[in-house]
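Welcome! Open the structure in your viewer, and we will walk through it one selection at a time.

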Amino acid sequence: MTARAEEHLVCSAKGCRATATRGVVWRNPRLHTPERRKVWLACPDHERHLAEFVQLRGFLLEVVDVDELGAGDG
Ligand SMILES: [Zn+2]
């Protein structure tokens with residue numbers, strides 16, 4: 001995989017090709033170990049939608065700026 005810094009960060013919302021500015025960090029406790037951090041990238045238009053989707057399921061950890069995402073996030 002290429003380094004995150006070299007990627008064009010595209011929003012994770014279906015059909016959206018906008019540049020992502022925020023990362024929605026989440027984890028499904030049934031599938032992921034406690035140190036695991038899944039990230040959905042979000043443009044300003046979809047940040048709330050994506051965060052609410054995982055929050056409703058109790059999976060939301062935090063929402064951060066993309067440049068605050070760690071190397072192990074993904
Ligand atoms: Zn979007």
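Before the first stop, a word on terms: helices (H or I, at least four residues) and strands (E, at least two) are DSSP runs, numbered from the N terminus.

You are looking at a predicted model, in which local features need pLDDT of at least 70 and side-chain atom pairs count only at pLDDT 80 or more, while totals for chains, interfaces and linings use all residues. Residues are numbered from 1 along each chain as its sequence is written.

**The whole chain**

Turn the model around: the C-alpha atoms fill a box of roughly 30 × 25 × 20 Å, taken along the principal axes.

**Strands 1 and 2**

Now select residues 22-26, strand 1, together with residues 38-42, strand 2. The two run antiparallel and are joined by five bridges; strands count as paired if DSSP finds at least two bridges between them. To see one of these links, pick Trp26, whose bridge partner in strand 2 is Lys38.

Is strand 2 enclosed or open? Four of its five residues are buried, so strand 2 is largely enclosed by the rest of the structure. Here, buried means that 20 or more other C-beta atoms lie within 10 Å of a residue's own, exposed means 12 or fewer, and partly exposed is in between, with C-beta atoms placed from the backbone. Across the protein chain, buried residues make up 19% of the 74 residues.

**The nonpolar core**

Next, select Cys11, Ala20, Val24, Val25, Trp26, Val39, Trp40, Leu41, Ala42 and Leu50: these ten residues form the largest nonpolar core. Such a core is a set of buried Ala, Val, Leu, Ile, Met, Phe, Trp, Tyr and Cys residues joined through C-beta atoms within 7 Å. Strand 2 gives the largest share, four residues.

Zoom in on Cys11. Leaving aside neighbours within four places in sequence, Cys11 is in contact (C-beta atoms, placed from the backbone, within 7 Å) with residues including Cys16, Ala20, Leu41 and His46.

**Arg37**

Finally, select Arg37, in the loop between strand 1 and strand 2. Arg37 is partly exposed, because 17 other C-beta atoms lie within 10 Å. Beyond its neighbours within four places in sequence, Arg37 is in contact with Val25, Arg27, Leu61, Gly72 and Asp73.

Definitions and conventions. Contact = placed C-beta atoms within 7 Å.
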